[in-house]
Amino acid sequence: MSDVLITEDVWGEPFAALAADFDVRREPDLWQWPAELIRAVATTRAVVVRNRTQVDKALLDAAPRLAVVARAGVGLDNIDLVSAAERDVVVVAPLGANAISVAEHTLGLALDLARRISQLDRAARRGEWSRVAGIELAGRTWGLLGAGATGMAVAERARAMGMRVVAHDPRVSRGVDLVALDDLFRHSDVVSVHVPATDATRGMIDVRLLSLMRPDSLLINVGRGEVVDEGALLPALRAGRPAGAALDVRAEEPPQAGELETLDNVVLTPHVAGITAESQARIASALAHDIRAVLTGGVPTGAVDARAAS
Ligand SMILES: NC(=O)c1ccc[n+]([C@@H]2O[C@H](COP(=O)([O-])OP(=O)(O)OC[C@H]3O[C@@H](n4cnc5c(N)ncnc54)[C@H](O)[C@@H]3O)[C@@H](O)[C@H]2O)c1
C-alpha cells in the first residue's frame, strides 16, 4: 500500500520531502515487470514515471484509487492521456523543464560532428595523430524539425553561434523563420529533430527526405527515435548524405548494437539530452509540488490537457 509509487529511476530532495507526509514507495525497476506493476498500482494514489512505464488502459484499470500520473520528462507517448482523462486521472508533466539541457546537448552533438571530436578521440586513443579539417558552424543554416520548447532553446543558441535558423512546425507561427518540410531538409546544414512520436511523425524522416539533404549536412535526433527510419539512415550515411548523424534517441531503447554503431560518422548517446543535475532538480520540484497539490485537493500547475497534447 502506498500513496505515491515511483516506478523508474526518479528521486531527489523534493520527493524525500514528500515522503515526510505521504507513504512513498520507490521501485526504480518496476517498469520492467508488468505483472508486478499492475499489482503494485492497485492501492496507489500517485504514480511517478519516466518514459519506460507504459501507463495504458490496463494499468489505469488496475488502479482505482489513482488520482495523478507524474511524468518526469517531456514526451508523453508512454501515457494514454485520453484514458487517463476518462478516469479523472490528472497527468502532470513539467513541460519545458529540460529544454536548456536538451539544447546544450544538441549543440554539443553538432559541434562533435562538425569537428569529429568523438571520431578523433577514438583515433587518438589508438595512437593515431590524424589532423583532419573540421567545418565551422558559423554562417551556416540550422533547421529545426519542431519548434517547441527544446527547438526554440536550440534556436537561441545556434543564433548566438552566428547561424541562421529556420524551422518546420505546423503549430508555430512566430519566433523563427518557417519553411516547408522539404525545404528544411534541402537547405539546412544541420537538421535537428524535436518532434514527439505521433502517428504523423513516426517514420517521417525516410529515404525521400534524407535524399534531399545536402552532401555536407548533419542530422541530429533528440526528439524520438521512431521519427527517423534507421533502415534508411544507414545507407544514407554510408553514401555521405548526410555527412554525419547524432542520435540521442533510438527506435528501440536500449538498441541492439548493429551497423550504425560501426560507422565513424555517427555519434550515439543513450537518451540523456534532457538529463542534467539542473533539469532533474527542476522536474523533481515541479512534480512533487503537483503531486502534493492533487493529493490534498489543490490545483496542480503542470497538468497536461489531453486534447492539446494529441
Ligand atoms: N532526448 C531527450 O532527452 C528528450 C528530452 C525532452 C524531450 N524529448 C522529446 O522531444 C520532443 C519535443 O520536446 P519539446 O519540449 O520541444 O516539446 P514541445 O511540445 O514544446 O514541442 C514539440 C513541437 O513539435 C511540433 N510538432 C508536432 N508534430 C509535428 C510535425 N509533424 N512536424 C513538425 N512539427 C511538429 C509541435 O507543434 C511542437 O511545437 C518531446 O515530445 C520528446 O519526445 C527528448
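**Notes on the predicted model**

1. The shell around the ligand divides into eleven nonpolar, eleven polar and four charged residues, where Ala, Val, Leu, Ile, Met, Phe, Trp, Tyr, Cys and Pro count as nonpolar, Asp, Glu, Lys and Arg as charged, and the others, Gly among them, as polar. This shell holds 26 residues, the closest being A149, T150, D169, D248 and G274; a residue is near the ligand if one of its heavy atoms lies within 4 Å of it.

2. The model is predicted, with local features needing pLDDT of at least 70 and side-chain atom pairs counting only at pLDDT 80 or more, while totals for chains, interfaces and linings use all residues. Residues are numbered from 1 along each chain as its sequence is written, and side-chain values use heavy atoms, with hydrogens and water left out.

3. Polar contacts (pairs of N or O atoms within 3.5 Å) include one between a polar side-chain atom of D169 and an oxygen atom of the ligand, at 2.6 Å. A polar backbone atom of V222 lies 3.1 Å from a nitrogen atom of the ligand, and a polar backbone atom of G274 is 2.9 Å from an oxygen atom of the ligand. The ligand taken alone exposes 860 Å², of which the protein buries 85%, with areas from the Shrake-Rupley method and a 1.4 Å probe.

4. Helices α5 (residues 99-115) and α6 (residues 117-125) pack at about 55°, their axes 6 Å apart, the helices being DSSP runs of H or I with at least four residues and the axes lines fitted to C-alpha atoms over the stretch in contact, with angles from 0 to 180 degrees between N-to-C directions. That angle makes α5 oblique to α6, because angles under 35 degrees count as roughly parallel, over 145 as roughly antiparallel, 65 to 115 as roughly perpendicular and the rest as oblique. In this contact (heavy atoms within 4.5 Å), L111, D112 and R115 of α5 meet I117, S118 and L120 of α6.

5. Most peptide bonds are trans.

Note on methods:
A polar contact is a pair of N or O atoms within 3.5 Å; within protein, one must be able to donate a hydrogen and the other to accept it, and residues adjacent in sequence count only if both atoms are side-chain atoms. Helices (H or I, at least four residues) and strands (E, at least two) are DSSP runs, numbered from the N terminus.
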